[in-house]
Amino acid sequence: MKKLKITYLFLLFSGVVAAQSGQTVNEGILYVSPGTLVSVESDFDNKGMGEYENNGEVLLKGNFNNDGITSFNPALGGYTRFEGYTQQNITGSIPADFYNVLFRNPNPQPAFRLYGDISISGNADFYQGIVQDDIFGGIIIFEDEATHTNTSDESFVDGYAVKNGTTDFSFPIGDGQYYRYAAISAPDDQSSAFTGKYYFEDSNVLYPHENRAQEIEIIDNREYWTIDKTGGEADVMITLSWDEFTTTPSELLVESTEAIRVVRWDTETGMWVDEGGVQDMFAKTVTTPVHVSGYGVFTLGRLRKGYLPTEDIVIYNGLTPDGDGKNDYFYIEGITNHPGNTVQIYNRWGIKVYETAEYDSNGNVFTGVSAGRATLSQRDRLPAGTYFYVIQYPHRGTTIKKSGYLYISSAD
C-alpha cells in the first residue's frame with residue numbers, strides 16, 4: 001500500500017492543499033486513490049471551495065472540519081480513521097459523507113465532539129471513544145444498509161442518530177457511561193428516516209407515570225428512549241433493550257418477563273399506553289409485535305398480573321403445514337371459549353399476512369397461507385421462518401392482548 005503522510009507539507013493536486021498554522025487545509029481538489037494511505041498528523045480543514053474525495057484510507061489524528069465537499073466513490077468505498085490522542089472535534093457547515101469510519105481515541109469521554117453532520121454509508125466501527133453530538137449540535141446519519149460494530153459502554157453515540165432507508169437498524173446510542181440501544185424493523189418506504197436517542201433519566205419528570213393505561217402497573221423510572229419518524233410514510237416495530245445490572249429497575253424484571261412491554265407516551269391523551277411486547281430473554285430485549293401506533297417517547301413497562309392469564313388459553317407456536325395431521329395449523333387451545341376474539345399474524349417486516357375474528361369457529365385457522373395485506377398474493381403459501389402473532393380476547397371485563405413468535409417450518 002502506498003503511504004502519503006501530510007504534515008507541514010505543500011501538496012498540489014488541483015488547487016491548493018497545504019499546512020497552515022499547524023493544520024492541513026484543502027482549497028482545491030484532493031483525491032485519495034484506492035490503495036493509498038494518507039496520514040494527517042494535524043487538524044484537517046476542507047474549505048468552502050475544497051473538494052475532498054476519499055477512496056483509499058485516511059488517518060485523521062486531529063480535528064476535522066468540512067465546509068466544502070467531502071465524499072467517496074460508491075464503487076470504490078473509502079476508509080476514514082479518526083484516531084487522535086486528544087479530544088477530536090468534528091465540525092463543518094456542510095455534511096461530510098464517509099463510507100467506512102473508525103472511531104478510536106483513548107482520551108477521556110467524550111473522545112469525539114460532533115459539531116457538524118456526518119453521513120455513513122458503509123460501517124462505523126466504534127472501537128474506542130464516545131461520539132457526543134446532542135450538546136454540540138451535530139448529528140450522525142446512517143444511510144440505507146449502513147451498519148455499525150463494536151458498540152459498548154466505552155464507545156457509542158451519546159445523542160442523536162438517524163437511520164435512512166429500508167433496512168432494519170439498531171441505533172448505537174447511549175447516555176453517560178452506558179450503551180443502551182433501541183432498534184427498528186425494516187421500513188417499506190425508501191424515503192423513510194427515523195431518529196433515535198437514549199436518556200439515562202427518569203421520564204416521570206416530563207411524562208408523569210401516574211398518567212397511564214390501567215393495564216400498566218410499573219413504568220421504568222431510570223431510562224427512556226425517543227424514536228421519531230422524520231421522513232417517509234412507513235411505520236416500524238420497535239425493540240428496546242434492558243440491563244438489570246446497570247440501568248433497568250429490578251422490579252420490572254421480577255417473576256416472569258412475559259409481563260414486560262414497550263410503553264409509549266401518547267401526546268394526544270397525555271398518558272402512557274401499552275404498545276405490546278415479545279420478549280427475548282437471551283438478547284434481553286422486548287419488541288412490539290406489530291407497527292407502533294405512534295412515535296416519540298418510549299420506555300419499558302410491566303403489566304398487572306390480572307392482564308396475564310396463563311390458564312385461559314394455551315398457544316402452540318410451531319406450524320408445519322405438510323398435511324400429516326400434526327401441527328398443520330396454528331393451534332390455540334381454549335380460544336373458542338372466548339367469543340369476540342381476534343387473531344392477527346405478521347411477518348418480520350410488520351406486514352399483516354393473516355387476520356380473522358372468532359378464531360377456529362368455522363374452519364378459520366391459520367395454515368401458513370397468506371390471507372391479509374401482504375407483498376404476497378392472498379392464498380399464497382408463506383415462506384418458512386419467524387412470524388409474530390397477536391391474539392386479543394375479552395377477559396374479566398377487559399381485553400387481553402397476547403403476542404409472541406410463531407415459527408413456520410418447511411412443508412417439504
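How many bridges join E29 to strand E35 (residues 296-303)? Three bridges join them, and the two strands run antiparallel. Here a strand (E) is a DSSP run of at least two residues, a helix (H or I) is a run of at least four, and both are numbered from the N terminus. Two strands pair if DSSP finds at least two bridges between them. The model is predicted, so local features need pLDDT of at least 70 and side-chain atom pairs count only at pLDDT 80 or more, while totals for chains, interfaces and linings use all residues. Residues are numbered from 1 along each chain as its sequence is written, and side-chain values use heavy atoms, with hydrogens and water left out.

The chain has zero helices and 42 strands. Of its 412 residues, 54% count as buried. Buried means under 20% relative accessible area, exposed means over 50%, and partly exposed lies in between (1.4 Å probe, protein chains only). Contacts were taken as heavy atoms within 4.5 Å. Among contacts with a separation of 6 or more, 50% come from residues 24 or more positions apart.

Strand E29 (residues 224-231) also meets strand E27 (residues 193-199). Seven bridges join this antiparallel pair. Ala193 has Gly231 in E29 as its bridge partner. On the E35 side, Thr226 stands opposite Val297.

Strand E7 (residues 51-54) is joined to E10 by three bridges. Within this pair, Glu53 is the bridge partner of Ser71.

Five strands make up another open sheet, in the order E23-E26-E30-E34-E33, and the pairing is antiparallel. E23 and strand E33 (278-280) stand at the edges, each with a single partner strand, so one side of each has no neighbour in the sheet. On average, neighbouring strands here are turned by 20 degrees against each other, direction ignored. Three bridges link E26 to strand E30 (residues 238-241).

The largest pocket holds about 370 Å³ of space. Its lining has 20 residues, and the closest to the centre are Asp168, Ser185, Thr239, Thr287 and Arg348. A pocket is an open set of points on a 1 Å grid over the protein atoms alone, where a 1.4 Å probe fits, with protein on both sides within 12 Å along at least five of seven lines; lining residues have an atom within 4 Å of a point. Points are joined across faces, edges and corners, and the volume is the space filled by probe spheres set on them. Strand E23 (169-171), strand E26 (182-184) and strand E34 (285-287) each supply at least two lining residues. By class, the lining has 10 nonpolar, seven polar and three charged residues. Nonpolar covers Ala, Val, Leu, Ile, Met, Phe, Trp, Tyr, Cys and Pro; charged covers Asp, Glu, Lys and Arg; the others, Gly among them, are polar.

Gln88 lies in strand E12 (residues 88-91). Gln88 counts as buried because its relative accessibility is 0%. Beyond neighbours within four places in sequence, its contacts include Leu60, Phe82, Asn105 and Arg113.

How values were computed: Axes are lines fitted to C-alpha atoms, for helices over the stretch in contact, and angles run from 0 to 180 degrees between N-to-C directions.
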